[in-house]
Amino acid sequence: MFDDLIREQDVVWASALMGLGPGGFAPVDGDDSRLKAMLNLDTVDFEACPGSGKTTLLVAKLAVLAMRWPHRQQGICVLSHTNAARNEISTKLSNSAAGIALTRYPHFVGTIHSFVNEYLALPWLRSKGIEVRRVDTQIALMKRWGMLSNTTRWTVQQSGLEETALIYTQPDYTGGNKGKFGPHTATYQALVAASRAGSEQGYFCFDEMFVWANQLLESPSF
Amino acid sequence: MYIAEVQIENFRLFGSADRAFVLTLNPGLTALVGENDAGKTAVIDALRLVLGTRDQDVLRVDPVDFHQAAPGAERADQIVIRLTFRGLTIADRGALSEFLTYETIGGTVETALIITWVAKRNAKEGSSRRVLPSEWRTGAKGDGPLLDLGARSLLTATYLRPLRDAERAMSAGRGSRLSQILQNTKEIRDTGVGFDQNADPPADPKMLSVLGLGDYANHLFGQSEGIKQARKRLNEDYLAPLSFANDLLRARIGVAGAPEDSLRLRQLLEKLELALTASADAESAHSRGLGSNNLLFMACELLLLAAESDGFPLLLIEEPEAHLHPQRQLRLMSFLQEQAKKERADGQRIQIIVTTHSPNLASDLHLDNLALIEGGRAFSLCQGKTKLSPSDYRFLERFLDVTKANLFFARAVLIVEGDAENILLPVIAKLLDRDFHHHGVSVVNVGGVGLGRYARIFMREDPVRDGMINIPVACVTDMDVMPDMAPWIIGKLEAGQPVPVRPPSKRQWRIKADFHSDELEHRRTDRRAKASGQKVETFVAGEWTLEYDLAFHGLGKFVFRAASLALADDRLNARTTVQADVIAAADAAYRAIVDAAPDQETLGAHVYALFEADGASKAIAAQYLAELLEKEVKEGKLDAHTLRGQLPPYAVEAIAHVTAPFDAPAPPPAGEPVMVA
């Protein structure tokens, strides 16, 4: 489906777009590895030392793909552990149509967290009637902690746990590190109740979004 | 994917809250039927606003589109249109995943796409922008991400306007619809190879693509000896003397062509024109009329929709019957229904929504595919929404034909069982100053069967939730119980013969004596209950049949005359006798019956014997009776008020139900002087 999406004349264009002049990816002294890398449309793993231009190569390829993209219902999905690619696109491509297109439907550029949020967890939570206000572990835990009674807080702290005991790993708000507290203890139930109440108010920890995305993916008929 | 529900608030005639418009749709074809100004076009326009259309025309919100609850009242601040799509394919779900809504129904998760379109009126005084830019929200509560332009483009509908000018749409010209359609046709784009200047002449011109042929032709133009010479002359004789030595002007003659393939193809296709030929002979230049061109136009749009490999295929047609004669309309409808059943390569089926005023179209469709639009509300006629049973649906599918389908376009419906009622009641209504045409009443003659089934079309299964159809429906039916002395008078029994006891007798007719105590009233209540409730009401003859009841209540003389004329109909048509003679004879005979009859029942039975025993046609008699009554009123011998007093109450009530109530009570029937024994 990617046949002929990157042509040689596009490489010159992309190079100029990235601020490298027309010959940014041109062969140097018979070494055409950069040009080959640009034209390559197979599954491929690029390894190089820091600062050698891996992200630049990626963004240049993306610019060409976005410009030539023929599909309306399928997009380019760029996933990274950090927002580096996204920032690179916004700095290097902010003035080009390709850069703007990449940030819009049907494409996606972002972290795995934001991908899961946008396409799975958020639509699923909205459908449950939950208005998601913030996805931020610190804020969510602070909210939940505030809902606990002084006694519960003291008990939790005495057993060597802290706010993170309020993070859940199951859609019924259980799981996570609850220390020595078994499911039948009052403290355990108070923790679960606070996690539920805080979530229903719309405050979530980052990793909890995977819990919800997973629930959607595992739901019958999905 | 298909649109399963349309909700419209504060748009044109649709209000908000319980006055909002809600329409549920099934996949495939839906026809919106109803009288003028019911809101059919407003529904189509609402869909156009939300989805956008593929033609070049853009519908914009106008300040007058904002609902006005009452004349002079302030207009609503915002229009909200909510579309719910269901039946999403895997590709749909992938393409639109961030916008989806999941509904957990009975343990399984259903996927829906809910789009809430909001347009706000600009309240700022003196602003030239009277409507603020509209928003496309997603999610059940409109709390999801806004629908991106790219995603919206997947949903655009194909819209065919009413009274479309198919000839213009199909003709050549800049931006012609035909060129747009052809450009998106796979065969045009993918068949053949391009023209290569280095391979001139091409090995086989037939192998060239459409664009290749165009390019080749352009290339040939440039090579043409005539053009070359003209250019030479232009350059040498005219431009050279006008040029400076160091800046020579040179002319180039060629066909203007854009460098981009798609643009050049469009320019080429815009030169094409589509015309229908009369026969298989494609060269025939015989041109077809508006109707045929319209068919052609629709065929092209369908071709495009069916060939697409992505997006949501929705076809909106206003009045597909435009310019088409009845048989063509039926063929078109069957064709559209077939098209809607076909699955495209990407698993999508075309959804078609049409508005129509054509009883032909309406009669050809299943009730499941019809939605009645009335007074700004929609009433889907599919199973489960109406009081109709599955057997009613099968019955109506067989028998709801063109003559009956006008009930979908009426303001009121009178359903009758026979020709006599069909002929007489409209005339009587007119004489009572309740003209059916004036009140938009449509009379449906079901011919003896299924009276209640037609009426139940207008009854909602859940009137509390869906509201009631505000179209009064009156069913008029006979009681079919004769007075006790009638069997001998109308010839069911010989003189002296006793009434056969049932069982073992299998006689179908009933006399009053067959019913004990309140059984007769039960029979009446049962008949009425078959179709009564909401705005539907069944009116059962007070006594026996329409003719008998007319005679019984005071029009005996006229019914007798009419029946006598009906018996003499052949002779009257052959001119071997004249009306005056028949009437004189009838009056004499009637006088004798009146003189002999001990009561109104016996009198009525004797009049009715002309139909039952002598075989007078009820339909022909009804026609004569209508003429006689009209003449009587015209000559001032009878007025509306007196006539009403002489009519059977059930007929008057039925007429009042579908038109307007009568203010003053009817006078007591003057009746014929009956000799009391």
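Which residues does N122(B) touch, not counting residues up to four places away in sequence? The legend to View 1 answers this. This is a predicted model: local features need pLDDT of at least 70, side-chain atom pairs count only at pLDDT 80 or more, and totals for chains, interfaces and linings use all residues. Residues are numbered from 1 along each chain as its sequence is written, chains are lettered from A and ligands numbered from 1 in the order in which they are written, and side-chain values use heavy atoms, with hydrogens and water left out.

**View 1. The surroundings of N122(B).** N122(B) touches S127(B), R129(B), R130(B), V131(B) and L132(B), not counting residues up to four places away in sequence. Contact means heavy atoms within 4.5 Å. N122(B) sits in the loop between strand 6 (108-120) and strand 7 (135-138) of chain B. Helices (H or I, at least four residues) and strands (E, at least two) are DSSP runs, numbered from the N terminus. N122(B) has a relative accessible area of 18% and is therefore buried. Buried means under 20% relative accessible area, exposed over 50%, and partly exposed in between (1.4 Å probe, protein chains only).

View 2. The structure holds 19 aromatic pairs over all chains. In one of them, the ring centres of Y105(A) and F99(B) are 6.1 Å apart and the planes stand at 35 degrees, so the pair is tilted. Rings of Phe, Tyr and Trp (its six-membered ring) pair if their centres lie within 6.5 Å; planes under 30 degrees apart count as stacked, over 60 as edge-to-face and the rest as tilted. The pair crosses between chains. Y105(A) lies in the loop between helix 5 (97-102) and strand 2 (108-111) of chain A. F99(B) lies in the loop between helix 2 (90-95) and strand 5 (100-105) of chain B. Y105(A) is buried at 11% relative accessibility. F99(B) is buried at 3%. Y105(A) also takes part in a cis peptide bond, to P106(A), with omega about 0 degrees. P106(A) is in the loop between helix 5 and strand 2 of chain A.

**View 3. An aromatic pair within helix 6 of chain A.** The rings of F115(A) and Y119(A) have centres 4.9 Å apart and planes at 45 degrees, so this pair is tilted. Both residues lie in helix 6 (residues 112-127) of chain A, 4 residues apart, about one turn of the helix. F115(A) is partly exposed at 25% relative accessibility. Y119(A) is buried, at 10%.

**View 4. Aromatic rings and arginines in chain B.** One aromatic cluster is formed by W544(B), Y548(B), F552(B), Y608(B) and F611(B). R434(B) lies over the face of F662(B), 4.4 Å from the ring centre. R453(B) lies over the face of F395(B), 4.3 Å from the ring centre. A charge sits over a ring if NZ of Lys or CZ of Arg is within 6 Å of the ring centre and within 35 degrees of the ring normal.

**View 5. Helix 8 and helix 9 of chain A.** The axes of helix 8 (residues 150-158) and helix 9 (residues 186-200) of chain A come within 10 Å and cross at roughly 110 degrees. Helix 8 of chain A is therefore roughly perpendicular to helix 9 of chain A. Axes are lines fitted to C-alpha atoms, for helices over the stretch in contact, and angles run from 0 to 180 degrees between N-to-C directions. Angles under 35 degrees count as roughly parallel, over 145 as roughly antiparallel, 65 to 115 as roughly perpendicular and the rest as oblique. The crossing is left-handed. A crossing is left-handed if the near helix is turned anticlockwise from the far one by less than a right angle, and right-handed if clockwise. T152(A), T155(A) and V156(A) in helix 8 of chain A meet T187(A), A190(A) and L191(A) in helix 9 of chain A.

**View 6. Helix 1 and helix 3 of chain A.** The axes of helix 1 (residues 8-17) and helix 3 (residues 54-68) of chain A come within 9 Å and cross at roughly 120 degrees. Helix 1 of chain A is therefore oblique to helix 3 of chain A. The crossing is right-handed. Helix 1 of chain A contributes D10(A), W13(A), A14(A) and L17(A) to the contact. Helix 3 of chain A contributes A60(A), A63(A), V64(A), M67(A) and R68(A).
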